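Please read them with the coordinates open.

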Amino acid sequence: MQHTTPRRRTVLAGALAGASAVAGCSVPEPRRAGPTADPAPGKPVAPTPPHRALLMQFAAHPDDDLYFMNPDSQRLIDAGVPLVSVYVTAGEHNGRNRIAGMPAARPDRAAYSAARHQGLRQSYAVALGLPVFTPWRRGVLTLPGGRRAEIDTLTHGTRRIELVFLNLPMHAPRRYMALPALWKDRSLEVRTHLSADSPLTRPDTYDYDGLVEVLAGLLARYRPTVVHTLDPDPDIQHGTDAARRNDAEQPGYEDHGDHTAVACFTWAALCRRVADAVRDGEPVPAFTTTAFRGYYNRHWPKNLPPGVLKEKAARLVPYGGNPSWRCGNPSGCGDYGVGGTRPLTNRKGWVRSTHHRWPGARPVLAEEPDGRLTAYGVLGLRAVRRRETAPGGAWGEPEDLGGGPLAPALGSAVLDDGRTLLFGVRFAALDGHGGANRREVVLLEQRSPGGPFLAWRGLGNPEHTSDRGRRIGSPVAVATPDGRVHLFVRNADKHVSTRVRAADGTWGPWRTLPGDAEVQDGLAVSVDGAGRTHLYAAGRESVRHWVDGTERTERLPLSGSTVASANGALYHRPPASGKLLGPRGDAGLDGYGGVVAAHSAALGTVLLGTDPRGRATVRAGGRRRTRTSGGPVVSAALHLGARGATVVGAGADGRLWSWRP
């Protein structure tokens with residue numbers, strides 16, 4: 001029977017069905033007054049007590065965190081940061097826990113869900129340095145609206161992990177998936193799925209607003225300082241239906257429909273959390289957010305070096321488990337199709353990369369006329385400014401600059417008179433269930449060097465439809481000696497769009513740079529000694545290079561990750577390698593992840609990256625230095641000034657630190 005959207009509330013019980021999905025996220029317009037764009041500055045921001053850190057991550061299925069959010073999550077766990085991991089679906093799928101070389105077992109969704117939950121307990125026990133079958137304390141957590149979730153807790157000394165299982169169904173009748181349907185249609189309800197041997201004894205029902213309310217309530221309960229989500233706006237991906245089904249991707253987009261829907265609900269809850277705090281007279285919650293790409297990993301060169309990949313894949317082995325294990329769970333000891341060597345032999349290669357949806361989410365640094373450094377960033381989905389209390393001194397508390405809700409990464413340019421321009425991507429229209437969903441590039445322009453700012457200004461979007469506009473990437477910008485500012489973003493076609501600000505402050509139209517090769521986000525721009533603008537982007541077959549807006553035809557190497565540029569030169573890591581290469585070959589900064597490059601006449605080119613343990617490391621003057629205290633880097637930036645090279649980073653507690661190697 002052909003499906004039509006029901007006019008009355010319909011309860012969707014868990015049942016296997018065909019795939020359908022949403023692509024793109026927005027914050028819903030709840031029945032009560034809901035959060036909207038709130039760019040006005042001046043709201044108090046919650047103080048960030050030292051050493052009070054908590055990581056909270058939101059996944060659609062058991063294993064999304066292991067495939068897509070590691071090694072970032074593991075680095076924080078290793079540093080002693082408590083973790084709360086929320087799983088929205090029960091992960092029951094078709095109820096078959098596949099065992100290699102054995103006939104397919106009879107479907108049992110309750111048992112398969114329970115086996116996957118057991119696999120998570122095994123994996124996170126190992127993550128804490130405990131035996132794989134360490135018992136957890138299992139209980140029931142009461143949620144907003146009287147709903148309940150299973151909560152499993154494990155501690156090891158001062159370290160703590162909590163797993164929260166909401167248990168919404170993956171599948172539903174009428175040939176569509178439950179979570180994407182719930183995101184699109186407010187009239188629907190879904191009934192939770194009870195896993196075998198769960199402390200929960202009755203199912204609950206969720207509608208659109210109910211899920212947003214529960215997720216926002218969890219954020220209010222735990223008050224995280226770092227939030228990890230999946231990708232709310234996956235890339236457009238064209239292909240055959242057969243290939244899409246084989247790869248479990250939604251029609252037209254390169255990710256699973258559940259990943260997108262859960263990311264949408266999570267970002268809706270983040271906005272609700274901030275709006276509720278402001279409404280109730282509380283300060284803006286001080287959390288940073290990172291969204292992680294999902295099945296995107298399959299489509300691009302791999303970016304994890306062997307040592308980091310081995311560690312990441314090892315976390316999936318206890319999750320996958322083995323049918324011969326005696327874990328004490330009668331439903332199974334893991335997700336057997338994932339265990340053993342399969343994470344590394346799977347043709348889809350999800351485990352071999354970790355990509356951020358908005359790369360470049362690091363502090364934006366500027367030096368004020370009195371010599372103090374200022375750092376700009378995004379906290380609680382809003383732009384903030386923090387200043388040194390004195391040149392080289394401690395960092396003050398964040399000052400709200402508004403602009404929200406913003407994606408995590410800010411671009412910047414410094415004008416020749418010393419004023420700073422900040423660029424961001426705003427969730428301009430935030431509504432699900434068929435409502436408006438728009439992203440726009442926004443500008444915050446400083447009135448005077450070190451001084452206040454003008455009002456936020458919209459710069460539009462290089463795309464002409466809302467759906468395509470949600471695919472844009474992180475803005476990057478640079479000021480040139482002729483007084484112009486060049487702004488660049490990756491667009492929905494995976495090409496590069498640009499807009500130029502003239503010396504008199506007027507902006508030209510959006511246009512697409514020449515070239516038909518697709519590129520990744522994480523663009524790098526710099527100006528050489530002759531005043532020419534160099535833009536680099538990592539493509540599928542090589543790094544692409546534009547000079548003053550014209551694509552160069554030279555054949556550059558292939559990069560597995562985002563690229564960096566200083567004084568017109570390119571720095572990149574080859575696929576699946578920790579080696580950083582520059583114009584003279586080995587740049588002497590092995591590690592993984594993003595790299596920052598800066599150049600000055602006094603210091604030459606200075607490079608900042610992370611070593612395999614996630615620590616900040618700098619290469620300057622032929623020497624490499626590593627920051628050995630303070631734990632792993634959540635984000636870090638580099639400033640070259642009169643005091644030499646200064647690295648400014650954010651810890652998991654949200655506080656800034658400075659390091660002068």
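Is the link of Cys-327 and Cys-333 left-handed or right-handed? The first numbered point takes this up.

1. The link of Cys-327 and Cys-333 is left-handed, with -85 degrees about the S-S bond. The sulfur atoms of Cys-327 and Cys-333 lie 2.1 Å apart, and the count of disulfides (pairs of cysteine sulfur atoms within 2.5 Å) comes to one. Cys-327 is buried at a relative accessible area of 15%, and Cys-333 is buried at 5%. Here buried means under 20% relative accessible area, exposed over 50%, and partly exposed in between, with a 1.4 Å probe and protein chains only.

2. On sources: this is a predicted model, in which local features need pLDDT of at least 70 and side-chain atom pairs count only at pLDDT 80 or more, while totals for chains, interfaces and linings use all residues. Residues are numbered from 1 along each chain as its sequence is written, and side-chain values use heavy atoms, with hydrogens and water left out.

3. Helices are DSSP runs (H or I, at least four residues), as are strands (E, at least two), numbered from the N terminus.

4. Leu-215 is in contact (heavy atoms within 4.5 Å) with Phe-58, Val-86, Val-88, Leu-166, Phe-265, Thr-266 and Ala-269, leaving aside its neighbours within four places in sequence.

5. Helix α3 (residues 109–127) has 19 residues and should span 27 Å at 1.5 Å a residue; its end C-alpha atoms are 27 Å apart, which agrees. The expected span is 1.5 Å times one less than the number of residues. Of the 19 residues of α3, 16 are buried. At the start of α3, a side-chain oxygen of Asp-108 comes within 3.4 Å of the backbone nitrogen of Ala-110. Just after α3, Gly-129 has a positive phi of about 80 degrees.

6. Gly-483 sits in the loop between β21 (476–479) and β22 (485–490). Leaving aside neighbours within four places in sequence, Gly-483 is in contact with Arg-501, Ala-502 and Ala-503. Gly-483 and Ala-60 are 423 residues apart in sequence and 47 Å apart in space, C-alpha to C-alpha.

Notes. Polar contact = N/O pair within 3.5 Å; in protein donor to acceptor, adjacent residues only side chain to side chain.
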